[in-house]
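Try each task yourself, then follow the solution step by step.

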Amino acid sequence: WQEFRIAMGAYVAEQGTANVPFNYIDSNGLKLGVAVMNVRKQGIYLKNKPDEGERRTWLESLPDWRW
């Protein structure tokens, strides 16, 4: 989650949107586009986490975030 959150923060800071293209890979090699898809469709980083609500709130605060 932490690596994903940092990468999303950097992407949003640079691009101004959380709408990450599927094939986007960040400078650390994280397949961020794939990770975003997995969060949206499968709940990766969210399901069964004690802070799921906080994580969802953070994601929903990102510009252009869509489930």
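**Exercise 1. Find how far apart the mean positions of the positive and negative charges of the protein are.**

Solution. Please keep in mind that this is a predicted model.
- Step 1: Count the charges: the protein has 9 positive and 8 negative ones.

**Exercise 2. Describe the overall build of the protein: which elements does it have, and in what order do they run?**

Solution. 
- Step 1: Count the elements: there are three helices and zero strands.
- Step 2: Read from the N terminus on, and the order is α-α-α.
- Step 3: Look at the extent. Along the principal axes, the C-alpha atoms fill a box of roughly 30 × 20 × 20 Å.

**Exercise 3. Examine helix H2: which of its residues are buried, and what covers them?**

Solution. 
- Step 1: The buried residues in H2 are Leu32, Gly33, Ala35, Val36, Asn38 and Val39.
- Step 2: Their cover includes H1 and H3.

**Exercise 4. Is Phe4 buried or exposed, and which residues is it in contact with?**

Solution. 
- Step 1: Locate Phe4, which lies in helix H1.
- Step 2: Compare its relative accessible area, 1%, with the cut-off: buried means under 20%, so Phe4 is buried.
- Step 3: List its contacts, leaving aside neighbours within four places in sequence. Phe4 is in contact with Leu30, Leu32, Ala35, Val36, Val39, Tyr45 and Leu59.
- Step 4: Pick out one of these partners. Phe4 and Leu32 are 28 residues apart in sequence, and their C-alpha atoms are 7.3 Å apart in space.

**Exercise 5. Count the aromatic pairs, then describe the one that Tyr11 and Tyr24 form.**

Solution. 
- Step 1: Rings pair if their centres lie within 6.5 Å. By this rule, there are six aromatic pairs.
- Step 2: For Tyr11 and Tyr24, the centres are 4.8 Å apart, with 70° between the planes. Planes over 60 degrees apart count as edge-to-face, so that is what this pair is.
- Step 3: Tyr11 is in helix H1 (residues 2-15), while Tyr24 is in the loop between H1 and helix H2 (32-42); the pair links distant parts of the chain, 13 residues apart.
- Step 4: Compare their accessibility. Tyr11 is buried at 8% relative accessible area, whereas Tyr24 is partly exposed at 26%.
- Step 5: Another edge-to-face pair is formed by Trp65 and Trp67, 5.3 Å centre to centre with 85° between the planes. Trp65 is buried, with a relative accessible area of 11%, and Trp67 is partly exposed at 41%.

**Exercise 6. Where is Tyr45, and which aromatic cluster does it belong to?**

Solution. 
- Step 1: Tyr45 sits in the loop between H2 and helix H3 (52-61).
- Step 2: Together with Trp1, Phe4 and Trp58, Tyr45 forms one aromatic cluster.
- Step 3: Tyr45 is partly exposed, with 25% relative accessibility.
- Step 4: Check the backbone: phi of Tyr45 is near 75°, a positive value in a residue other than glycine.
- Step 5: Asp64 also has a positive phi, of about 70°, although it is not a glycine. Asp64 is in the segment after H3 and is partly exposed at 42% relative accessible area.

**Exercise 7. Is Arg55 buried or exposed, and what is it in contact with?**

Solution. 
- Step 1: Find Arg55 in helix H3.
- Step 2: With a relative accessible area of 12%, Arg55 is buried.
- Step 3: Leave aside neighbours within four places in sequence; Arg55 is then in contact with Trp1, Tyr45, Leu46 and Lys49.

Notes:
Residues numbered from 1 in each chain as written. Predicted model: local features only at pLDDT ≥ 70, side-chain atom pairs only at ≥ 80, totals over all residues. Heavy atoms only, no water. Helix = DSSP H or I, 4+ residues; strand = E, 2+ residues; numbered from the N terminus. Lys, Arg positive; Asp, Glu negative; His and termini not counted. Charge placed at Lys NZ, Arg CZ, Asp CG, Glu CD. Phe/Tyr/Trp six-rings, centres within 6.5 Å; stacked < 30°, edge-to-face > 60°. Buried < 20%, exposed > 50% of the residue type's maximum accessible area, 1.4 Å probe, protein only. Contact = heavy atoms within 4.5 Å.
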